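Dear colleague,

Please find below the structure that I am handing over to you. My notes on what was found in it follow directly after.

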Amino acid sequence: MNNSSVDTPAQNDATDIVTIVVIGRPGSGKTEFINCASGSELPVGHGPRPCTQAMQMGQRFELDGRQVVLIDTPGFDYTELGEGDVLNLIKKFLKLNFGKGKILSGVIYLHRIHDNTWASLSVRTFRLYQKLCGECGSKNTIILTNFWGEVPEAIGKAREDELRNKNWFFRPAIMKGAAFGRHINTTESAHAALRHLVDNLA
């Protein structure tokens with residue numbers, strides 16, 4: 001596992017760190033989001049295969065007085081791992097880097113706004129998201145659409161409404177308490193989404 005981008009926290013202060021996992025299908029901008037929010041320089045892939053091959057962390061940063069670490073995940077579409085296996089990987093990663101008993105604080109699910117069909121959703125990744133909701137509670141998750149610069153605003157807005165309101169997209173998760181918003185590729189936008197999760201932990 002690659003965790004060279006951030007120093008491993010001391011065991012006695014790790015319980016206070018907000019740990020948020022970022023998931024989404026390959027190419028959904030997970031690593032870019034982490035770099036944007038944290039000022040990290042994790043490598044970003046541009047080919048058809050995912051660049052992120054193992055779980056890794058961005059550098060720790062402060063947001064509204066809280067220490068935050070974002071955890072990058074590989075494209076699980078390209079593995080034979082089941083959702084339960086991935087959950088165990090996340091738990092082991094948290095234990096390895098933050099000590100025994102550390103639990104996940106929240107989840108960010110990234111979805112490209114130009115993906116507007118059920119086939120464009122990774123069923124495996126979305127099932128993982130649902131499992132993670134069970135681990136940390138839906139109110140501690142947020143679904144973010146991104147790549148807004150690649151679609152006209154009117155088309156993007158129509159797709160956003162469909163994603164929010166259709167039962168075969170994200171409506172069931174939203175009804176259970178998940179937040180839904182946009183990431184427009186700025187640090188301010190990323191921090192606004194993170195603030196929602198951090199405030200829920202207060």
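Glu153 is partly exposed, with a relative accessible area of 47%. Please note that the model is a predicted one.

The side chain of Glu153 forms a salt bridge with that of Arg182, at 3.3 Å from N to O. Because Glu153 belongs to helix 4 (residues 153-165) and Arg182 to strand 7 (residues 179-182), this pair ties together parts that are 29 residues apart in sequence. Arg182 is itself partly exposed, at 30% relative accessible area.

Arg182 also forms a salt bridge with Glu160, where the closest N and O atoms are 2.9 Å apart. Through shared partners, Glu153, Glu160 and Arg182 are joined into one network. Glu160 counts as buried, with 5% relative accessibility.

Within helix 4, Lys157 and Asp161 lie four residues apart, about one turn of the helix. They too form a salt bridge, with 3.0 Å between the closest N and O atoms. The count of salt bridges comes to six.

Just after helix 2, Gly99 has a positive phi of about 100°.

Finally, a search of the whole structure finds zero disulfides. Cys133 is in no disulfide, and the nearest cysteine sulfur, that of Cys136, is 6.4 Å away. Cys133 is buried, at 10% relative accessible area.

With kind regards

Conventions:
Residues numbered from 1 in each chain as written. Predicted model: local features only at pLDDT ≥ 70, side-chain atom pairs only at ≥ 80, totals over all residues. Heavy atoms only, no water. Helix = DSSP H or I, 4+ residues; strand = E, 2+ residues; numbered from the N terminus. Disulfide = S-S within 2.5 Å. Buried < 20%, exposed > 50% of the residue type's maximum accessible area, 1.4 Å probe, protein only. Salt bridge = Lys/Arg side-chain N within 4 Å of Asp/Glu carboxyl O.
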